[in-house]
Amino acid sequence: MKSQAPYVVIVVWAIVLVVGFAVMEQYSLTPGEMHEAALQWPQTDELQRIAGKPTLVMFAHPKCPCTRASIGELARLVTRCRDKATVYVVFPIYKGVGEDWEQTALMSQAEQIEGVQTVCDPQCQLCNLFHATSSGETFLYDSKGNLAYHGGITSSRGHAGDSAGQDAILSVLMQRGGRVSSHPVFGCSLVHLRPLDNESQ
Amino acid sequence: MTRDATIDSYHSSESIQQRAQTLFSQQQEQVFRHTNKMFAVLMILQWLLAVAVAFYFAPLTWNATESEVHIHVWLAVLLGGAITALPVYLVISEPRAVPTRYVMSVAQVLFSCLFIHLMGGRIEAHFHVFGSLAFLAMYRDWKVLIPATVIVTVDHLIRGLFWPESVYGVSTATLLRSFEHAAWVLFEVFFLTLSCRNSIREIQEGASRRAELEVTKHAAEAADRAKSQFLANMSHEIRTPLNGILGFTDLMLKEDSQRESGYRPYLESLRTSGRHLLVLINDILDLSKIEAGQMQIEMTRCSPHSVISEVMSVMRVQAQEKSLNLEYNWQSRMPKSIETDEVRLRQLIMNLVGNAIKFTERGCVKVEPRFDIIGEAPMLYIDVIDTGIGIAAGNQAHIFKPFSQADGSVVRRFGGTGLGLTISRQIAHALGGDLTVKSKPGYGTTFTAKVSTGLLANAQLLAEPLSDALNTTMAKSPRNRSRMATGKVLLVEDGEINRKLIVTILAAEGLEIATAENGQVGVEMALEQKYDLILMDMQMPVMDGYTAARRLRNEGLTAPIIALTAHAMNGDKQKCISAGCTGYLSKPIDIDVLVKTVGETLEGYLPMNSESKASAHGESTGEPVEEDLPITSSLPTENPVFAAIAIEFVEFLEQQLEEIRNAIDCNNSEELGRIAHTLKGTAGSAGFASFSALAVRLELIAKSRDIEAASELLDKLTELAGRIELPELEVCK
């Protein structure tokens, strides 16, 4: 390579790649929207809280690809904290969708986790009740029904592995104590992106 | 540079090292190019895989029920394409450049990053890093691993310091943990580096060995060329003075027969010794060529019957001198022609028959050929059977070894060099066969020569052995040589002795001889004055015979040129003909052969109405020949076999004249040349030398595309054909 042009091309190429990877990182670290959660366990007939036992509820969009990692991490959590909490995974069911929404791969993945109950949420009532807006959003209420953790359990979009959210949940379930914590959630939106009100879906 | 110096320079360790370095660089280049191409394909495949992975893991992103293409798909297509583009472009445009493989290294590890992202950070995806480093080791250049290793290590260190959650999932991580991750990569890189260095060392050792082999090969080839040149030179250097010795001895014997000086016994001893020396030298040179693997074989179609008949004709005299019966019987139908080296076949049979006569005191020597088409390939077997002294079983293996005879007493009683059978067996092997022996002491010996006949598709098989006339010693007194046509001959020969010899011989025949001492002078003389014949030595200083002949032909000279050369190999003959010579005489020159060749050539070349023209039918009258005298074959046509050959030639001649006529009408010089060439050989074999000579002239005319001259010559041929007389046959019209 006698001329300088090829080296210039290499530099430009490197810059393009850096920008590309930066965009990718930026996307993977962009959290979903989260609203303030109820500090006390919301009363509902759909989800039963056992007194004296923590309750963990994860909301998952039936088709969100990033939530595959969240459910995977949930499985690890449940394996480590077997029977220490009642665990629910809630899948909102939207109006007017096709039959392929009735049983998705994520639902099957969640159903296979021992100790986890999957709940379908027609009309997104439970989503509204808990103010859940992003797929993978997890709520942990302690044995007394107080909110102990609210947020995601992955470190970035679709990224498996340890996260601060998991550590927080484990602390509560292992009775290691700790104050109420929250970490970003990384997943698709459960609602059409409008301000939270009773009519939102 | 001398031969020794040339070889020494090849052997110098410095030159071997340089060559080894060159070979190593070449092989390394080859590895780089090959690995670059492999990675270019891998890049494209990985790009496609990335897109597939993106579609599988995250095809869409959702906003409740609304979806759009996931950004991962766009990243796989665009970012993956960007990662692939530059390395593939560099492999195509700059395959040898060093930056190409470094860019490839960077691109490969960036694909690892992309896959880890697309697959959601799964542990399995991280194996792509380790696999990539192993692939990069295929360059066998440990430095290529550096960019990839740096990117992975720095990435983990920076993430560990500033964003540990992205790597370890916790908000706090120690520096040690970052080093731990990097260490696994460095661990692999360390061993890959060792592997690369070992590989390089092996390539270098291989290159050194190849360099040494090359040097040895060059030296061997140089030695082989030197040996070939030595053989060629020795052949020339030895034969040339021997030519003078034998030639002048023959002349002196001729003169002595008239003067009766009493020196005849001395001269005969001189001639015998000289001929023996010639045989010895020929055998040694032949054996040297064979051992050097340089015996040339020229495969052409020839008649086995003609070859054997010629040998019988030559050996007849020796057999008669010992009152031996020389017989020739066919044991099967024989092909009319076979594909073999006629000269070598003749040499082989001559050796065997000569040996048989030498070692037989009484009885007979039989030559019995047979043709076998049943085996894997058609073969010609020639049994030479004698009633001689025989060979003891214990000696039969030794007789084929050089300088070995049956036992020491054989040398004392029969003489010989002990090379004949060695050479004969080598010739048989070269002709695709073998030479074997069966013998019983006191009863006789049978040597069986087996040679391949080549392809015989549609070959004509001749009938069973002919009449007993073949078994008689075909004693026929040679025809009297006709008085030679007079003419002017130019002798171009650098050897003074040879010049004197040939001038003496030809001047005695009434020819006017001019001489030139080299090719340059010869060309000048031939272009200044008209000569009827040029005798051209081929090895001369200043300008050799090949160049001189070529130059004369380019100047339009059509006079016949006969080559005189000591190089008696088939390839040399062809070389002489290609240079423009019309004939060929090998040294040492046989006086009779020289005179006969010159005479026949002049007869064919000189105008038919010349008063000095010799009689075509061979009777020497000393009177001017009349034009209407009949022409007969010089073969012994009282023998039915030869008569058949003469008859066949006459039929063939009629055909050839018609074809010549057609070629002239169509102005087809190439066809004319081809017909003339065929007629030349056939007429000579059939004993019609005058037709052969005219065919030579016609071939030259065809080359010069002189159709008018060709037409005149055709008239001459037709007129001669009308004068052919065959015994008990109609005159050919």
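Predicted model: local features only at pLDDT ≥ 70, side-chain atom pairs only at ≥ 80, totals over all residues.
Reader: Let's start with chain A. How many helices and strands does it have?
Author: Chain A has five helices and six strands. Going from the N terminus, the order is α-β-α-β-α-β-α-β-β-α-β.

Reader: And what share of chain A's residues is buried?
Author: Of its 201 residues, 51% count as buried. The accessible surface of chain A is about 9400 Å², and 53% of that belongs to carbon and sulfur atoms.

Reader: Among contacts in chain A between residues at least 6 apart, what share joins residues at least 24 apart?
Author: That share is 79% for chain A.

Reader: OK, let's zoom in. Where does A:Glu73 sit?
Author: A:Glu73 is in helix α2 of chain A, which covers residues 67-80.

Reader: Is A:Glu73 buried or exposed?
Author: A:Glu73 counts as buried, because its relative accessibility is 3% and the cut-off for buried is under 20%.

Reader: So what does the side chain of A:Glu73 make a polar contact with?
Author: With the side chain of A:Arg76, at 2.4 Å. Setting aside residues up to four places away in sequence, A:Glu73 also touches A:Ile153, A:Thr154, A:Ala160, A:Gly161, A:Asp162 and A:Gln166.

Reader: Now A:Ser182. Which strand is that in?
Author: A:Ser182 is in strand β6 of chain A, residues 181-183. With a relative accessible area of 43%, A:Ser182 is partly exposed.

Reader: Which residues is A:Ser182 in contact with, leaving aside neighbours within four places in sequence?
Author: Those are A:Met34, A:Tyr149 and A:His150. The C-alpha atoms of A:Ser182 and A:Tyr149 are 5.7 Å apart, although the two residues are 33 residues apart along the chain. As for A:His150, the side chain of A:Ser182 reaches its backbone oxygen at 2.8 Å.

Reader: What's the phi of A:His131?
Author: Phi of A:His131 is near 65°, which is a positive value in a residue other than glycine. A:His131 is in the loop between α4 (125-130) and β4 (137-141) of chain A, and with a relative accessible area of 29% A:His131 is partly exposed.

Reader: Which residue of chain B has a positive phi although it is not a glycine?
Author: B:Arg140 is one of them, with a phi of about 60°. B:Arg140 lies in the loop between α5 (123-136) and α6 (145-162) of chain B. Its relative accessibility is 32%, so B:Arg140 counts as partly exposed.

Reader: How do helices α2 and α3 of chain B cross?
Author: The axes of α2 (residues 13-57) and α3 (residues 71-93) of chain B come within 9 Å and cross at roughly 175°. That crossing makes α2(B) roughly antiparallel to α3(B), because angles over 145 degrees count that way.

Reader: Which residues make that contact?
Author: On the α2(B) side they include B:Met43, B:Ile44, B:Trp47 and B:Phe55. On the α3(B) side they include B:His72, B:Gly80, B:Gly81 and B:Pro87. By class, the contact of α2(B) with α3(B) has 14 nonpolar, five polar and one charged residues.

Reader: What is B:Glu517 in contact with, leaving aside its neighbours within four places in sequence?
Author: B:Glu517 is in contact with B:Glu493, B:Asp494, B:Arg499 and B:Met540.

Definitions and conventions: Residues numbered from 1 in each chain as written. Chains lettered and ligands numbered in written order. Heavy atoms only, no water. Axes fitted to C-alpha atoms, helices over the stretch in contact; angles between N-to-C directions. Helix = DSSP H or I, 4+ residues; strand = E, 2+ residues; numbered from the N terminus. Parallel < 35°, antiparallel > 145°, perpendicular 65-115°, else oblique. Contact = heavy atoms within 4.5 Å. Nonpolar A, V, L, I, M, F, W, Y, C, P; charged D, E, K, R; others polar. Buried < 20%, exposed > 50% of the residue type's maximum accessible area, 1.4 Å probe, protein only. Polar contact = N/O pair within 3.5 Å; in protein donor to acceptor, adjacent residues only side chain to side chain. Areas by Shrake-Rupley, 256 points an atom, 1.4 Å probe, with all protein chains shown as cover.
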